[in-house]
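Visitor: Could you walk me through how the parts of this model pack against each other? I'd like to start with the contacts between chains.

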Amino acid sequence: MKTEKLTTDILIIGGGTAGCYAALTISENSDKKVIICEKAHIKRSGCLAAGVNALNAYITEGRTPQDYVDYAKHDADGIVREDLLLTMSERLNSVTHRLEQLGLVILKDENGKYVTRGNRNLKINGENIKPILAKAVEALPNTTILNRVNVIDFAVKDNRIQGAFGIGIDDDTFYTIEAKAVIIATGGAAGLYKPNNPGFSRHKMWYPPFNTGAGYAMGIKAGAEMTTFEMRFIALRCKDTIAPTGTLAQGVGAKQVNSLGEVYETKYGLTTSERVYGTVNENQEGRGPCYLRTEGITPEQDESLLKAYLNMAPSQTIKWIESGKNPSQQNVEIEGTEPYIVGGHTASGYWVDTKRATTINGLFAGGDVAGGAPQKYVTGALAEGEIAALSAVEYVSENDISPIESSNIDSHISEVENFLTKKDSHFTTEQLEEAMQSVMDSYAGGIKTNYRFNEKQLDIADYKIKQLTELSNSLYAEDFQELMYIYELRERLTVCRSVIAHLKARKETRWHSFAENLDYPNKDDKNFNKYVNSRFENGEIKIILRDLVPGGKSYEHSN
Amino acid sequence: MSIAINKQKCVGCGRCRNVCPGSLIKIDESGKAYIKYPKDCWGCTSCIKECPVHAINFYLGADIGGMGSMVHTEKNGDILSWIIEKPQGDTIKIDINQRESNKY
Ligand code: SF4
Ligand code: SF4
């Protein structure tokens with residue numbers, strides 16, 4: 001194993017949507033040196049690999065950023081940070097224009113105005129959105145991109161970030177990177193729960209299966225305050241292909257119907273969690289399967305849909321073609337996915353202030369790892385990348401490197417070497433991953449229990465996840481890719497523990513499906529119109545209930 | 001779903017390997033690309049769009065309703081063509097102009 005030590009002004013961990021935009025912002029506003037660590041390759045990594053066919057967060061004419069805040073707040077039944085949502089919403093349009101300048105195709109009318117879909121969406125051709133962003137980043141001066149370097153831990157001393165440690169899966173190298181400031185932009189966590197199709201197509205999931213919650217896990221381990229892990233995200237998707245349903249629901253107005261042909265969505269409500277819950281319930285009460293009613297749409301709509309899906313989720317188009325029937329000839333069956341933790345859709349993640357500063361000095365967060373601001377989508381992640389970048393630039397002009405002690409480097413190297421040493425274990429990383437997904441599925445509200453759970457089950461889940469964490473100490477990796485898989489598993493296990501603790505702490509049911517506690521089936525505004533936060537201290541997860549930050553006020557850290 | 005790489009066609013340029021967000025594609029001793037972890041494919045089609053000689057196809061697994069069609073893309077200027085070869089032998093081609101936005 002080779003070792004390498006690098007030094008920079010700002011380290012960006014994760015070259016996805018938020019990370020790339022942070023790099024662009026730093027370069028436009030300073031001459032600071034930047035290193036981006038990306039576990040794959042920035043050209044197609046992260047959520048946007050296959051493309052996206054709409055920008056879902058834009059302030060359309062006649063609307064204000066506050067309207068967007070109100071929408072997201074309503075959808076999350078109050079548990080959001082309005083200050084974060086507002087600072088994000090104020091930048092949605094400028095980042096959109098920047099994307100267009102970089103080359104993104106956005107639909108316009110004859111007067112050159114963007115064509116909107118509903119109140120918040122723009123129509124685009126987003127197949128190449130990630131290559132567009134990556135190309136702009138690759139051209140930046142002062143920016144070094146380390147592709148295939150997977151960061152495994154922060155270096156933190158006295159609650160001040162010093163940098164991070166990583167493994168190069170192509171060059172078998174252990175990296176120590178010192179930085180004055182760090183931006184964490186690694187994305188959310190998929191693969192915690194048993195997926196819809198656990199066999200051959202186990203990775204045919206909604207969220208990138210390669211997003212393993214690394215950023216959350218590193219923050220938890222470093223003692224950062226984290227928020228709202230109990231607000232899990234469950235997507236309502238086209239069955240099997242797990243392709244998006246928004247294009248059908250909003251694009252061609254397809255309603256959710258049960259097998260009797262009855263429109264059921266109005267019965268349960270239209271928030272994100274209610275749409276999932278309604279589908280679960282219709283199935284349970286014997287009126288499944290459920291569909292999006294596309295029968296009867298026009299041939300032109302058919303053709304457009306086939307193309308739209310090729311631009312973001314090609315397997316759905318292939319499915320239509322293989323079945324020999326277009327959406328106008330058959331309704332599209334829908335199902336809920338396994339739960340994910342993803343701060344771009346719900347409010348899970350780092351507890352940050354409006355500058356996107358975490359509770360660790362010098363560590364900033366943007367995109368799916370940053371909590372408190374759901375419904376970010378692409379443009380919200382860009383906006384948060386921009387804010388985190390500006391804050392990091394400001395921070396590094398006032399703070400120098402805090403050198404990483406050699407003892408800390410040595411202990412990380414010996415951990416890596418331990419995993420690379422052959423030992424007598426019957427268990428493989430894959431086995432433990434499947435065991436973890438089974439535990440979460442059965443005892444922490446997975447698909448198997450219709451997303452429901454009780455406290456006794458959560459206790460079992462916690463016990464078993466701790467056991468699996470123990471077992472993961474004796475895993476063996478034949479090469480650096482397998483080493484990455486071990487770290488990914490351990491990240492997921494760390495996130496699982498926090499999710500379980502948060503689900504247990506919110507003793508109410510505010511969101512059906514997302515956090516449906518059968519011991520407390522009702523909403524309890526008196527006690528739980530609050531944030532459930534946590535901090536990992538001495539091996540235990542300490543829960544902190546915090547009062548909501550009222551609209552019009554900004555929260556500030558008081559260290 | 002997963003991908004299949006045609007070794008006869010592959011010229012070993014390594015572009016698919018570079019771009020895969022899961023680092024699933026490797027190059028074997030003969031310099032040809034292969035997918036080392038087929039079950040871990042996300043189906044993002046990034047590798048397919050990179051391949052200069054159209055050596056990579058993707059297909060739906062039988063567990064999610066796949067019927068055996070093989071899919072690849074070809075790019076000509078602004079036109080990205082999706083070519084779907086059905087097992088019965090007929091081929092469907094869908095052209096997308098990348099300068100044009102999605103309508104829905
Ligand atoms: S389709 Fe995507 S995930 Fe699958 S092998 Fe190709 S690049 Fe990798
Ligand atoms: S991109 Fe195509 S030609 Fe190049 S290595 Fe991959 S399969 Fe072979």
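Guide: A polar contact here is a pair of N or O atoms within 3.5 Å, where one must be able to donate a hydrogen and the other to accept it. The model is predicted, and by that rule 25 residue pairs are in polar contact across the interface of chain B and chain A, both residues being at pLDDT 80 or more.

Visitor: Which helices and strands of chain B each supply at least two residues to the side that touches chain A?

Guide: They are helix H1 (15–19), helix H2 (46–50), strand S4 (56–59), strand S6 (79–85) and strand S7 (91–97) of chain B, and the largest share, five residues, comes from S7(B). By class, that side of chain B has 22 nonpolar, 16 polar and 13 charged residues.

Visitor: How many salt bridges does the rule find there?

Guide: The rule finds five across the interface of chain B and chain A; one of the salt bridges joins Asp170(A) and Arg17(B), whose closest N and O atoms are 3.0 Å apart.

Visitor: And what area do the two chains bury between them?

Guide: Chain B and chain A bury about 4,700 Å², with 56% of it on carbon and sulfur atoms. On the chain B side, Lys39(B), Trp42(B) and Tyr104(B) lose the most area to chain A, together 21% of what that side buries.

Visitor: Switching to chain A, what do domain 2 and domain 3 bury between them?

Guide: Those two domains of chain A bury about 720 Å², and Ser273(A), Tyr277(A) and Val280(A) supply 60% of the area on the domain 2 side. The count between domain 2 and domain 3 of chain A is zero salt bridges, while three residue pairs are in polar contact there.

Notes. Residues are numbered from 1 along each chain as its sequence is written. Chains are lettered from A and ligands numbered from 1 in the order in which they are written. This is a predicted model: local features need pLDDT of at least 70, side-chain atom pairs count only at pLDDT 80 or more; totals for chains, interfaces and linings use all residues. Side-chain values use heavy atoms; hydrogens and water are left out. Buried area is the accessible area (1.4 Å probe) that two parts lose on being put together, summed over both. A salt bridge is a side-chain nitrogen of Lys or Arg within 4 Å of a carboxyl oxygen of Asp or Glu. A polar contact is a pair of N or O atoms within 3.5 Å; within protein, one must be able to donate a hydrogen and the other to accept it, and residues adjacent in sequence count only if both atoms are side-chain atoms. Helices (H or I, at least four residues) and strands (E, at least two) are DSSP runs, numbered from the N terminus. Ala, Val, Leu, Ile, Met, Phe, Trp, Tyr, Cys and Pro count as nonpolar, Asp, Glu, Lys and Arg as charged, and the others, Gly among them, as polar.
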